[in-house]
Amino acid sequence: MARVRMRDVAEHAGVSVRTVSNVVNGFSHVSPDMRAKVQRSLDELGYRMDYLARGLRSGRTGFIALAVPFVAEPYFAELAQAVIRAAGRRDITVLVESTAGDSEVERRIIEGGLTNVADGVLLSALTLPASDIAAKKPDFPLVMLGEHSVGDQFPRVGIDNVAAARTAVEHLLEQGCRWIVALGRNGSENGRQRTEGYEQAMSAARVRRVNWLVVPVEDWTREQGYEAVRELLEGDGPLPDAIFAFNDALAVGALRALHASGVRVPEDVAVVGIDAIQESAYTHPPLTSIAPDLDAIAERSLALLEEQMRSPQSSGGSQGAESEEDAQVGAVVAAPQEATPYRLVVRESSRRESVRE
């Protein structure tokens, strides 16, 4: 069966090839009635866009790349789905790349390693040193996702990690908890910021330092959450009355360890996580968690990426000089650093009868 051409659609609809092209490419200066008429012919004839040919003409591929540390981890899988939904509304296809948290892979990406297949890149960096990132001046559209400290030359979209952690701990304090264990400190920027939020909340509540405990965990997985809490319970110290896990995977592991040891949640130990992955609503008991607005992250990051794609001279974080004087001294306007909304989802893992209204 021969491929349907724009000329075939134009003859079927009784319009010019240019009008068909305007409709197919989404140009706005087509009346609603004309757009509907052409769309009917497109549907009836089964026209399919030749993306390769369009890419050759426009210099665009129609693809963007989303690079995340682990596609199998629920948070990143759900983030990828949000980006795919938002991109679909823009007729953009998303290629998903896993970096496995490897700093060398992340470095290659910010050096343009995915630009041979994509018009722009959304990168959630995990281990790449901030000093390495700061030294880069990308010449392609790039937006950073998450809380990695990348300097102001890269646009970045994510929640205020310190404030989110503080919100989680403040909730536990409101439940009457005073010995709160922070589970998940590691060498990542996320770990540093969530530790900072924990310490801010504990300090503001004037909790005695002897009741502060930050437990290091190298990887934020269920297995390591389980092992860390099991070791905590087998130690000589008193039982804490709450655990603030730095993500939901750690919290799920913590819940399992507590249950296996006969510790009641939340009566003996309350538990709160971050990410509000879909699984968290079905744990036993259901997990209280900080829920980032993934759709807002996806929408804002794609909007910033599209701005760069429309203005190649502003690729990456370099937005151009504000004035001729700035240009002469090599000044660069700071790229947007956008904090998206989050909310605390309170469930049975932290809600104590004694403080219910």
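This is a predicted model: local features need pLDDT of at least 70, side-chain atom pairs count only at pLDDT 80 or more; totals for chains, interfaces and linings use all residues.
Two strands are said to pair if DSSP finds at least two bridges between them.

**View 1. Strand 8 and its two parallel partners.** Strand 8 pairs with strand 9 (residues 270–274) in the parallel sense, over 3 bridges. Strand 6 (residues 180–185) also pairs with strand 8 in the parallel sense, here over 4 bridges. A242 of strand 8 takes part on both sides: A242 is the bridge partner of I180, and A242 stands opposite A270 in strand 9.

**View 2. The two covered faces of strand 8.** In a regular strand, side chains alternate between the two faces of the sheet. In strand 8, A242 and F244 lie on one side, I243 and A245 lie on the other, and all four residues are buried. F244 has a relative accessibility of 0% and therefore counts as buried, the limit for that class being under 20%.

View 3. A search of the whole structure finds 4 aromatic pairs. In one of them, the ring centres of W220 and F246 are 5.9 Å apart and the ring planes stand at 85°, so the pair is classed as edge-to-face. Together, W220, F244 and F246 make up one aromatic cluster. F246 has 0% relative accessibility and so counts as buried.

**View 4. A charge over an aromatic ring at R209 and W212.** The charged end of R209 is positioned over the ring of W212. Its distance from the ring centre is 3.9 Å.

**View 5. A nonpolar surface patch of V71, I84 and V96.** These three residues form a nonpolar patch on the surface, and together they present about 210 Å² of accessible area. V71 is located in the loop between strand 1 (63–68) and helix 5 (74–88). The relative accessibility of V71 is 42%, so V71 counts as partly exposed; that class covers values between the limits of 20% and 50%.

Conventions: Residues are numbered from 1 along each chain as its sequence is written. Side-chain values use heavy atoms; hydrogens and water are left out. Rings of Phe, Tyr and Trp (its six-membered ring) pair if their centres lie within 6.5 Å; planes under 30 degrees apart count as stacked, over 60 as edge-to-face and the rest as tilted. Buried means under 20% relative accessible area, exposed over 50%, partly exposed in between (1.4 Å probe, protein chains only). A charge sits over a ring if NZ of Lys or CZ of Arg is within 6 Å of the ring centre and within 35 degrees of the ring normal. Patches are made of residues with over 30% relative accessible area and no salt bridge: like charges are joined within 9 Å, nonpolar side chains (Val, Leu, Ile, Met, Phe, Trp, Tyr) within 5 Å. Accessible areas come from the Shrake-Rupley method with a 1.4 Å probe; for residues, only the protein chains shown count as cover. A salt bridge is a side-chain nitrogen of Lys or Arg within 4 Å of a carboxyl oxygen of Asp or Glu.
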